[in-house]
Amino acid sequence: MTLFEPERHEGLAAPRWDEAAARRAIGAIVRDTEERFSPRELWPAHPLDYERAPPGEPYTGLYFGAAGVIFALDVLARRGFAQSTACFAKVVAELEERNRRELEAGGWGRESYLAGRSGVLLTRYRVAPSHEVEDQLAEAIAANTHHPTLELMWGAPGTMHAALEMHDSTGEERWAELYRSGTRALAASLEQRVDRALWIQEIWRRRLAMLGAAHGYAGNAGAIVRGLALLPRSERSEWIERIVATVRATAISEGSLVNWPPNQAPPGRQDPKRLVQWCHGAPGFVTSLASLADRRLDETLLAAGELVWLAGPLRNGAGLCHGTAGNGYVFLKLFERTRDARWLERARAFAMHAIAQSEAHAARYAMRRYSLYTGDPGLAIYLLRCIEGAAGWPGLDPEQ
């Protein structure tokens, strides 16, 4: 098997699905997260989220900062699993300036969604909506439309999600137009290569045609697919044809299984890694594109789902970006697409395994991992979705 690296995965050792256990796990995560909050320190950074020493200032963004933790608590509060996030109103109002200081050393990504201002402002709007915050968020999204990274973390695809979140919330046309501006910018930056059209990411001082959800094709396509109904019919059809063709052309297959490499490069220069996690590989393709109602993708997406199941839970832990919960979302997405109960059963099996991973990590590090994308709050949302039999990814899918 050359489609994944077995050493990155572990055998599925989960008890039978137990909804009561899932609810207890959500409750334990929420209680601990609420108790560990400090108005000054926010939440402590986990050793797995930094390389050498703890950051001098707490992380603030959606990906693994305070905005993401509050966003997760807000999702859970709306389902009765957490206290109202109104108590964070003052703190979240101060996050924008703290986020600016966090990002200024790098000199870029200021307005971005998963790391920067747009994600902070969207979280603030969820906690304490106001016209002032709406206007600031619209300004941030517009300023990010032509960001050169051309990917989800820093670029327009991320802030397009912020626009779509606001359109879902308010129904106002300005948010639809901000989304459409993003799609036009992405269309203009596509590079056609015979049977595929790709974006070249300018990131980490390199130019790469990346394919995964966090930094590449799948994440960009997912942002477009989410708002297709807001596009003129002709543009909608063009995007669907491009996406279907490129997804199928870039897939690598072995028997009845499918994966995607981290990037698209000439032979001999491709990244040899075969990752199976949300940020790179099959999971991100399925979670980004399973809502595209085009039957031509059925075989490819189902084959990707079978690969994720065969590979098994990730050793990294329980989180969304490169953990077991993120891979488990593949099965929720395929359940939503097919209504085949087998996929929901698989999602719930991964959920039970992820609970055990989370508890083991909490004991090992004497703390939980306070992060939407890499830690326990993201896992809590995944457990909630498994209880509901729903597939909404926080901040990248319509609120369910």
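**Entry 1: the end of a helix**

**Entry 2: what I am looking at**

This is a predicted model, where local features need pLDDT of at least 70, side-chain atom pairs count only at pLDDT 80 or more, and totals for chains, interfaces and linings use all residues. Residues are numbered from 1 along each chain as its sequence is written, and side-chain values use heavy atoms, with hydrogens and water left out.

**Entry 3: the whole chain**

I found 14 helices and six strands in the protein chain. The radius of gyration is 20 Å, close to the 21 Å that the globule rule gives for 400 residues, so the chain is as compact as a globular protein of that length. The radius is taken over C-alpha atoms, and the rule is 2.2 Å times the number of residues to the power 0.38. Along its principal axes, the C-alpha trace spans about 55 × 50 × 40 Å.

Next I checked burial. Of the 400 residues, 61% count as buried. Buried means under 20% relative accessible area, exposed over 50%, and partly exposed in between (1.4 Å probe, protein chains only).

Then I turned to contacts (heavy atoms within 4.5 Å). Among those between residues at least 6 apart in sequence, 68% join residues at least 24 apart.

**Entry 4: back to α6**

I compared the length of α6 with expectation. The helix covers residues 156–170. The expected span is 1.5 Å times one less than the number of residues. For these 15 residues that gives 21 Å, and the end C-alpha atoms are 21 Å apart, which agrees.

How many residues of α6 are buried? I read 12 of the 15, so the helix is largely enclosed by the rest of the structure. Among them are M160, H161, L164 and M166. What do the buried residues pack against? They pack against α2 (66–77), α4 (117–127), α5 (131–143), α7 (173–189) and α8 (217–226).

I picked R193. It sits in strand β1 (residues 191–193). R193 is partly exposed, with a relative accessible area of 32%. Leaving out residues up to four places away in sequence, R193 touches L198, I200, A209 and Q264. I also looked up T246: R193 and T246 are 53 residues apart in sequence and 9.6 Å apart in space, C-alpha to C-alpha.

Conventions:
Helices (H or I, at least four residues) and strands (E, at least two) are DSSP runs, numbered from the N terminus.
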